[in-house]
Amino acid sequence: MSGRVGHVVIFAPSPVLTITVEDHDGDVAIHLHPGGQGVWQARMVRALGTEVTLCAGFAGETGAVLQHLIRDEGFRLVAVERKEGYGAAYIHDRRQGSRRVVADTKGDSLSRHDLDRLYGLTLREAIGSDVVLLSGPAGGGVVPADVYRRLAADLRTCRCRVMVDLIGERLDSALQGGVDVVKVSHEELLADGRISSVDVREIVSAMHAIRSAGAETVIVTRAEKGLLLLDDEGVREVVAPAMQVEDSTGAGDSFTAATAAVLARGSGIEEAVSLGAAAGALNVTRHGLGTGELSTIRRFSEFVQISPYDWQRPPEVRITPAQLSDFIRRG
């Protein structure tokens with residue numbers, strides 16, 4: 001990465017209070033942390049040594065607790081606070097090793113007045129920053145989808161570099177406003193109906209459609225497979241070594257945040273996605289969401305390979321042991 005520190009502003013309309021119950025030597029340990037897409041992204045941006053500002057809305061008791069927790073982590077926070085109402089929160093039980101959802105609430109919608117304040121504060125903080133990352137709310141009804149169209153358009157008018165990690169109507173709206181970088185997963189493309197299968201040719205067609213709709217660069221992550229990158233240079237495949245999975249939650253947010261952080265420091269898109277792929281791959285080895293060590297991520301990024309996508313490569317064929325035995329038996 002370049003010697004510049006860089007500055008990323010994250011639009012996070014509804015952070016989440018996360019309460020996790022874990023086993024501690026036969027006893028119960030209860031952990032409270034700030035979470036949600038924007039917070040996890042902010043945590044990774046800061047881990048990579050890039051300055052980050054979180055622009056967020058908070059409501060009620062959970063919102064008051066969240067603000068203290070976020071500031072205790074050392075983040076620069078620009079907050080719109082409502083004393084009344086309910087904020088997003090969840091309780092997960094991990095005492096058996098996997099996550100079991102005990103309770104989950106997406107929180108109340110932002111009022112028109114509060115949304116106007118958050119919109120204006122985000123514009124104020126974004127002007128002069130290096131990258132603005134638009135993240136989604138915990139629930140679909142927290143902010144109207146059209147906010148992302150207006151915000152993307154106004155940010156670009158102010159010559160801000162805009163990156164989005166959104167799905168559905170929010171992605172469609174942001175594309176109407178125009179964005180520099182879109183990150184989406186192949187599962188999200190399936191859920192949105194943009195593709196009907198995981199065939200790479202269909203994924204690439206969807207990437208071209210997203211680019212035509214208003215994005216300069218499109219990135220599609222594909223779980224353990226290499227991610228695909230599309231820009232003026234064409235389609236490239238970015239492959240990181242597969243790691244042993246402890247917890248895959250938040251790997252996509254780590255990738256997005258690391259990519260934004262490196263772009264904010266003045267590096268090109270290939271260096272950014274290399275470090276992003278390394279951060280996402282390493283995040284699955286940890287329990288902490290959006291966490292990692294810069295030195296480890298940088299060294300691991302040396303194993304990430306980027307190459308033009310080989311359209312002539314034969315499709316991957318998977319054969320089960322039973323099919324193989326039957327094949328041998330029949331000669």
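Q: How do strand β8 and strand β9 pair, in the parallel or the antiparallel sense?
A: Strand β8 (residues 131–135) and strand β9 (residues 162–165) pair in the parallel sense over 4 bridges, where strands are DSSP runs of E with at least two residues and helices are runs of H or I with at least four, both numbered from the N terminus. Two strands are said to pair if DSSP finds at least two bridges between them.

Q: And which residue is the bridge partner of S135 in β9?
A: D165 of β9 is the bridge partner of S135.

Q: Before I go on, what sort of model is this?
A: This is a predicted model, in which local features need pLDDT of at least 70, side-chain atom pairs count only at pLDDT 80 or more, and totals for chains, interfaces and linings use all residues. Residues are numbered from 1 along each chain as its sequence is written, and side-chain values use heavy atoms, with hydrogens and water left out.

Q: OK, what is the strand order in the open sheet?
A: The open sheet is formed by 10 strands in the order β5-β4-β1-β8-β9-β10-β11-β12-β13-β14, with mixed pairing. Its edge strands, each pairing on one side only, are β5 (76–82) and β14 (305–308), and the twist from one strand to the next averages 20°.

Q: Which strands does helix α1 lie across?
A: Helix α1 (residues 37–47) lies across β1 (7–12), β4 (51–59), β8 and β9, and runs at about 160° to β4; axes here are lines fitted to C-alpha atoms, for helices over the stretch in contact, and angles run from 0 to 180 degrees between N-to-C directions.

Q: What about α7, which strands does that one lie across?
A: Helix α7 (residues 200–214) lies across β10 (179–185), β11 (215–222), β12 (225–231) and β13 (234–239), at about 150° to β11.

Q: Back to β4: is T53 buried or exposed?
A: T53, which lies in strand β4, counts as buried because its relative accessibility is 2%, and buried means under 20% relative accessible area, exposed over 50%, and partly exposed in between, with a 1.4 Å probe and protein chains only.

Q: What does T53 touch, then?
A: Leaving aside residues up to four places away in sequence, T53 touches H7, V8, V9, I10, R76, V78 and E125, a contact being heavy atoms within 4.5 Å. With R76 there is also a side-chain polar contact of 3.2 Å, that is, a pair of N or O atoms within 3.5 Å of which, within protein, one must be able to donate a hydrogen and the other to accept it, while residues adjacent in sequence count only if both atoms are side-chain atoms.

Q: Which side chain does E237 have a polar contact with?
A: The side chain of E237 has a polar contact of 3.1 Å with that of R222; E237 is found in strand β13 and, at 10% relative accessibility, counts as buried.

Q: Changing topic, how many residues of α8 are buried?
A: In α8, 13 of the 14 residues are buried, so the helix is largely enclosed by the rest of the structure. Helix α8 (residues 251–264) reaches 20 Å from its first C-alpha to its last, close to the 20 Å expected, where the expected span is 1.5 Å times one less than the number of residues.

Q: Last one: how many bridges join β2 to β3?
A: Strand β2 (residues 16–24) and strand β3 (residues 27–35) run antiparallel and are joined by 9 bridges, with V21 having I30 as its bridge partner in β3. In their hairpin, which has 2 residues between the strands, D25 takes a positive phi near 55°.
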